[in-house]
Amino acid sequence: MLHQLIGLYEKVAGVATASAHCDIPCKIYDPCVAQIATLSVIRFMDLIAVLGEKDSLTLADHAQLSRLQAEKETHAEKVKNEIRVIWGDYIKQPQFDKYPDISTLVHNIMLAGSACKQGIERGKGENLLSLVNQFSEAFWSTKGVATYSAKCPYLPEEVVVYPQLQ
Amino acid sequence: MIGFGCYKIIGDSMLPSYKANDFVLTFRWPQNKYYCGDVIVVKHNFFGVIIKRIEHMHASGLITLVGDNSARSTDSKCLGMINFEQVLGRVIYHLPAPS
């Protein structure tokens, strides 16, 4: 009934539309998704380490450990995929000319991402973040956007490269 | 700028929460009243007026968006980050279309 009333109002006065659009090839890329996924990986490693400090694990702890490990692997894979997409779809000859080592950097991210899937050592997560931050700096530089480094205001409170957009 | 808005949804990227021909009422709260998971209407520089869910609030004040229907939604990578000035409001009432 209410929907019909508003529908009637729409016909008379008009109502703005909000598009929940889909499948548009937009060629817009942003490494922030990979950075956030990397922070998640480190956070999961920290939470796993907390469980490791216990003398014995309860059934609930085992369930929690399984979830943390699964999510760590999922997010590490997400990092790899996000970087691969930017490298494959956005990085072209002008970017290769400016950053001839960009492919090596991307390959190192792939290796570091896999290491994070396999291991639980925090250093592996920190290494992945360092590489992804390097990639982010290079990415924004290709767009002429300056960057700055700041500690993310939430756990794991690691330093992240952000674009200076203002 | 604080105020109400009424929008009719087109497209499928917010299924199953919101479907085409639903109406939503929005209110533009102050910037500190938005949280991850909120559904907001945004004036996007490239895509026009869109409805999406907040995926992440960045320390810089920028916002990352995501659709509920990941199979049909332009993902946050394509949408990029938006600033608060582009936010038209958060959904405060959802009126589903008759099935």
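Chain A and chain B meet through 26 residues of chain A and 35 residues of chain B, where contact means C-beta atoms, placed from the backbone, within 7 Å. This is a predicted model, in which local features need pLDDT of at least 70, side-chain atom pairs count only at pLDDT 80 or more, and totals for chains, interfaces and linings use all residues. Residues are numbered from 1 along each chain as its sequence is written, while chains are lettered from A and ligands numbered from 1 in the order in which they are written.

**Where the chains meet**
- On the side of chain A that touches chain B, the elements giving two or more residues are helix H1 (2-13), strand E1 (16-19) and helix H2 (32-52). Helices (H or I, at least four residues) and strands (E, at least two) are DSSP runs, numbered from the N terminus.
- That side of chain A holds 18 nonpolar, four polar and four charged residues. Here Ala, Val, Leu, Ile, Met, Phe, Trp, Tyr, Cys and Pro count as nonpolar, Asp, Glu, Lys and Arg as charged, and the others, Gly among them, as polar.
- E1(A) runs parallel to strand E1 of chain B (residues 4-10), joined by four bridges; strands pair if DSSP finds at least two bridges between them.
- Within this pairing, Ala16(A) sits opposite Tyr7(B).

**Chain B, strand by strand**
- Chain B has one helix and seven strands, in the sequence order β-β-β-β-β-α-β-β.
- Of its 99 residues, 37% are buried, that is, with 20 or more other C-beta atoms within 10 Å of their own, the C-beta atoms being placed from the backbone.
- Strands E3(B) (residues 39-44) and E4(B) (residues 48-57) run antiparallel with six bridges, and three residues separate them in a hairpin. Val42(B) has Ile50(B) as its bridge partner.
- E4(B) also pairs with E5(B) (residues 63-66), again antiparallel, over four bridges. Met57(B) is partnered by Ile63(B).
- Five residues lie between the strands of the E4(B)–E5(B) hairpin, and Gly61(B) there has a positive phi near 95 degrees.

**A helix pair in chain A**
- Helices H3(A) (residues 59-90) and H5(A) (residues 102-118) pack at about 170 degrees, their axes 8 Å apart. Axes are lines fitted to C-alpha atoms over the stretch in contact, and angles run from 0 to 180 degrees between N-to-C directions.
- The two helices are therefore roughly antiparallel, the term for angles over 145 degrees.
- Residues of H3(A) in this contact include Ile83(A) and Trp87(A), and those of H5(A) include Ile109(A) and Met110(A).
- By class, the contact has eight nonpolar, one polar and five charged residues.

Terms used
Buried ≥ 20, exposed ≤ 12 C-beta atoms within 10 Å, placed from the backbone. Contact = placed C-beta atoms within 7 Å. Parallel < 35°, antiparallel > 145°, perpendicular 65-115°, else oblique.
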